[in-house]
Amino acid sequence: MRTTPLTTVRNLGILAHVDAGKTTLTERVLYATGTTHKRGEVHDGTTVTDYDPQERDRGITIFAAAVSCTWNEHRINLIDTPGHVDFADEVERSLRVLDGAVAVFDAVAGVEPQSESVWRQADRHGVPRIAFVNKMDRVGADLDAAVASLRDRLHVVPLVVHLPIGREDGFTGVVDLVRMRALVWSAAAGGSGSGSGTFEVGAVPDALREEASRRRRLLDERVAELHPAALEEYCATSSLSTSTLMAALRELTRGGEGVVVLCGSAYRNRAVEPLLDAVVDYLPSPADMPPVRGTALHGARAEGEEERVADPAAPFAALAFKVNATATGRLTCLRVYSGTMRKGETVLDATAGRTERIGRILRVQADRHAEVEQAVAGDIVAVVGLKSTRAGTTLCAPDAPLVLEPPTVAVPVVSVAVEAGARADIGRLSSALARLVEEDPSLAVRTDPETGQTVLSGMGELHLEVAVEKIRLSHGLRVEVGRPRVAYRETVARGVSGLVYRHVKQDGGAGQFAHVVIDVAPLDGDDGDACAARDDSGTGTGGSGGTGGFVFRSVVVGGRVPQEFVRAVEAGCRDALAEGPLGGHPVTGLRVTLTDGATHSKDSSEMAFRAAGRFALREALRAATMELLEPVVEVVVTVPDEAVGGVLGDLAARRGRVAGSTTRTGSTSITAAVPLAELFGYASRLRSRSQGRGTFTSRPVGYAPVPATVYARGASD
């Protein structure tokens, strides 16, 4: 049971570009708060939050991990998020349930591409942030340059509260500009491994006193410009008291009008404690956040919007944001927004309309857990025993149903074909893929109805590589990965007329006889419209494909071919559409006309005329001039203005046809039609050309002829 009020809880995330030091900072926070007694290192694979074998092997964060710690009688629920762009959906789901965040920036690189992306994600969720400029001990570290990049790239108002003591390898501490004091760490605090991490609080060094005073005045002026109460005091006294400055910084941070900036070196364990103080002083508690809004339900009917305050006595409401599906059960991470959840209770899955029983409630420490009896408003916990709850599901009190807005799920942009290495493992692979999608909603699995391949789609090549490797490691399966086959089509460019086919078969007993004469031609506009109309009614002869399908007509007169045999000829022709003469691809976009035929009084049958129609069309297609068609998708690429030229050139190299563009502040959206075969690997290329800041979406729009210059490659694929 909670012994501290809501005001002493902080739910925050660590956000940054890959390799900015998020996980190292998280480890130092756990060490400084006494949660761990030895500092974990990313390069040694000993971190608490990067517990997955792939994370330790690759040295990057892949999965968001939650930990809890205590600082100055405040409970801090912290989520270490991934920094690689392929795992942005993990960040999105985490931000949905957080009240604040610490954005970590490299003191040398400043704002990097993914730093900008996660900052925009936090903007969309309205999450208050403070900034920590890390790696102040690196060669080339420059706090002022990093702050300038925040101002220029993120368009924020930085409120710098630290002045570094020493440069690069000589960085030993910071001047706290709010309290005008120096914090200096001993040499034992630096480096990895053991060390006390102690620091001394003293007067500002003489060499920095003038600069510190100047920066404090600038800080006072900037805060006074933004905060009415601070402005009133500043006009009266030409300065701000410590209490007024801290109160103003707190309100500016929580309102998103300014960003408090601190600096330090997580690796050398310097300035971690002031960061924790800033988390407590400036970031909001659940009690400071506005009431959560959701849709109230009456039965299965929505009854309008309802608010729930962060009160343990209010009706229970929580949002699931992460699911870990293991062989021994499911672990579901929840953010409790209102009410109290107790072990053994029955709650309502409002999203699916079914009840769930709370088995065990766990306070999470990455892959370690401590069981608790209950969780109340403001808590982030894990629950064991939920059978069907997915990420984005709302759990609530059965007598007060409410559906909260789920996190948005990104549309997958990269696909690979996967298959089991052994036929006996096909069922196990299907189960493993289903579990993967359950854990990560940004993955999608489908079976291509034409190629029969199982296609796994995700946010990038690394995302899919990690997913496949997880199947191999967790399930012991041998998985073959390849490029998805493109569903080409064949069509008639120039047809044939008067093709005669005579089907005669006599092998004892009743024989088979069918005589047909057909014309084959490309579909014209009227044929396409008629075919589409019949397809819409459900009774037409339109085939699959992107150019209008298939139309069959009979102009036979005088009853030379009875109507039931005409239908059999049509069925035979449709059988022949399954494989074309160019590469065995489905045939589409043609009109077949039955012009004449003959029957036998005894040997003619529907089966004979169906076979005649099939073989006649096959011969006609071999005699006609055929054309290979390839699927085309419409892509909308959004990139910074400075990357437009390179992106347009790359689209042209991929045989893309640009249809138009729109320009917004600082970015341009380009719409183009691109062959699907040319889009494989495009996500990585786009990121490299746009410094990781470009995104794209795609949707299929039809088929187009393959140019002669690439015909051989297209046909072989």
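Which residue forms a salt bridge with Glu 678? The partner is Arg 655, with the closest N and O atoms 3.3 Å apart. By salt bridge I mean a side-chain nitrogen of Lys or Arg within 4 Å of a carboxyl oxygen of Asp or Glu. Glu 678 lies in the loop between strand E36 (667–675) and helix H16 (682–689), and Arg 655 in the loop between helix H15 (644–653) and strand E35 (657–664), so the pair ties together parts that are 23 residues apart in sequence. Helices (H or I, at least four residues) and strands (E, at least two) are DSSP runs, numbered from the N terminus.

Some notes on the basis of these values. This is a predicted model, in which local features need pLDDT of at least 70 and side-chain atom pairs count only at pLDDT 80 or more, while totals for chains, interfaces and linings use all residues. Residues are numbered from 1 along each chain as its sequence is written, and side-chain values use heavy atoms, with hydrogens and water left out.

Returning to the pair, Glu 678 is buried at 15% relative accessible area, whereas Arg 655 is partly exposed at 22%. Here buried means under 20% relative accessible area, exposed over 50%, and partly exposed in between, for a 1.4 Å probe and protein chains only.

Across the whole structure, the search finds 44 salt bridges. Another of them joins Asp 169 and Arg 268, at 3.1 Å from N to O. Asp 169 sits in the loop between strands E7 (162–165) and E8 (173–176), and Arg 268 in the loop between strand E11 (259–263) and helix H9 (272–282), so this pair links parts that are 99 residues apart in sequence. Asp 169 is exposed, at 57%, and Arg 268 is partly exposed, at 22%.

A network of salt bridges links Asp 89, Glu 90, Arg 93, Lys 322 and Asp 440.

I turn now to the largest pocket. A pocket is an open set of points, on a 1 Å grid over the protein atoms alone, where a 1.4 Å probe fits, with protein on both sides within 12 Å along at least five of seven lines; lining residues have an atom within 4 Å of a point. The largest pocket holds about 1,200 Å³ of space, a volume being the space filled by probe spheres set on the points. Of its 39 lining residues, the closest to the centre are Ser 117, Arg 124, Arg 693, Gly 694 and Thr 695. Helix H4 gives the most to this lining, with seven residues.
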